[in-house]
Amino acid sequence: NYLLVAPGEAFYVAPCEPHAYVAGECVEVCASSNNFVRIGLSQHIDVEAAITLLSYETGGPDVEFGRLAHQGPGTHTLRYAPDVADFEARVTTVEPGGCFELESFPVPSILLVVAGSGETGVLAHGARSPPRRHRYALVPGTALYVTEGTLHLAVSVPSSNSGPLRLVRCCENLDGVLQAVSEETRT
């Protein structure tokens with residue numbers, strides 16, 4: 001099956017489903033596993049393992065466009081969350097001159113810069129702010145580990161930049177996490 005995907009579109013591939021990227025750039029978010037099987041473009045093809053993965057079903061996955069999770073002056077975030085507990089991804093765009101405060105998550109996350117440039121810093125919110133400076137230059141390829149409960153970490157883009165900063169934040173699917181936290185607080 002051959003699938004054309006435009007910028008901003010996403011799709012979910014179930015575990016053990018062979019897939020490949022022919023052209024372009026993408027971010028692949030996946031659950032922790034040990035089921036990587038080489039099928040093509042490699043000298044080390046595990047033919048028997050590859051045959052067990054084939055389903056012979058026709059048709060492709062559903063394409064998702066992302067749900068608007070945040071919109072503010074010069075910023076917006078699209079959330080991609082398949083119906084699995086393992087992961088979700090949020091793609092945030094910050095226009096030149098914009099500033100975006102990262103939401104505090106109850107789980108760790110990874111932040112990956114995919115386009116543009118900017119920096120992180122700490123917003124002044126009184127005594128609850130982290131005790132040390134969190135300043136990082138953000139350029140394509142920068143990856144940051146964001147601990148659970150991080151407060152007041154902001155991403156800003158100088159107004160002199162020629163284009164927006166685009167970053168992807170990945171973590172465990174928060175739908176299940178927030179539901180579990182809600183149930184714990186009720187008991």
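Entry 1. I am working with a predicted model, and I began with glutamate 119, which counts as partly exposed because its relative accessibility is 36%. Its side chain meets that of arginine 135 in a salt bridge, with 3.4 Å from N to O. I then looked up where the two partners sit: glutamate 119 belongs to strand β8 (residues 118-122), whereas arginine 135 is in the loop between β8 and β9 (137-138), and the pair links distant parts of the chain, 16 residues apart. Arginine 135 has a relative accessibility of 52% and counts as exposed, since the cut-off for exposed is over 50%.

Entry 2. How many salt bridges does the model contain by the rule I used? The count comes to five. As a reminder to myself, side chains of opposite charge can pair when their charged atoms come close.

Entry 3. I turned next to arginine 79, which forms a salt bridge with aspartate 175, and the closest N and O atoms are 3.0 Å apart. This pair also links distant parts of the chain, as arginine 79 is in strand β4 (residues 75-80) and aspartate 175 is in helix α2 (residues 174-186), 96 residues apart. Is arginine 79 buried or exposed? With a relative accessible area of 7%, arginine 79 is buried, while aspartate 175, at 47% relative accessibility, counts as partly exposed.

Entry 4. Another salt bridge joins the side chains of arginine 90 and glutamate 103, at 3.3 Å from N to O. Arginine 90 lies in strand β5 (residues 88-94) and glutamate 103 in the loop between β6 (99-101) and β7 (109-115), so this pair ties together parts that are 13 residues apart in sequence. I noted that arginine 90 counts as buried at 13% relative accessibility, whereas glutamate 103 counts as partly exposed at 45%.

Entry 5. Last, I checked the cysteines, and the count of disulfides comes to zero. Cysteine 171 is in no disulfide, and the nearest cysteine sulfur, which belongs to cysteine 170, is 7.7 Å away, whereas a disulfide needs the two sulfur atoms within 2.5 Å. Cysteine 171 counts as buried at 8% relative accessibility, and cysteine 26, at 48%, counts as partly exposed.

Note on methods: Residues numbered from 1 in each chain as written. Predicted model: local features only at pLDDT ≥ 70, side-chain atom pairs only at ≥ 80, totals over all residues. Heavy atoms only, no water. Salt bridge = Lys/Arg side-chain N within 4 Å of Asp/Glu carboxyl O. Helix = DSSP H or I, 4+ residues; strand = E, 2+ residues; numbered from the N terminus. Buried < 20%, exposed > 50% of the residue type's maximum accessible area, 1.4 Å probe, protein only.
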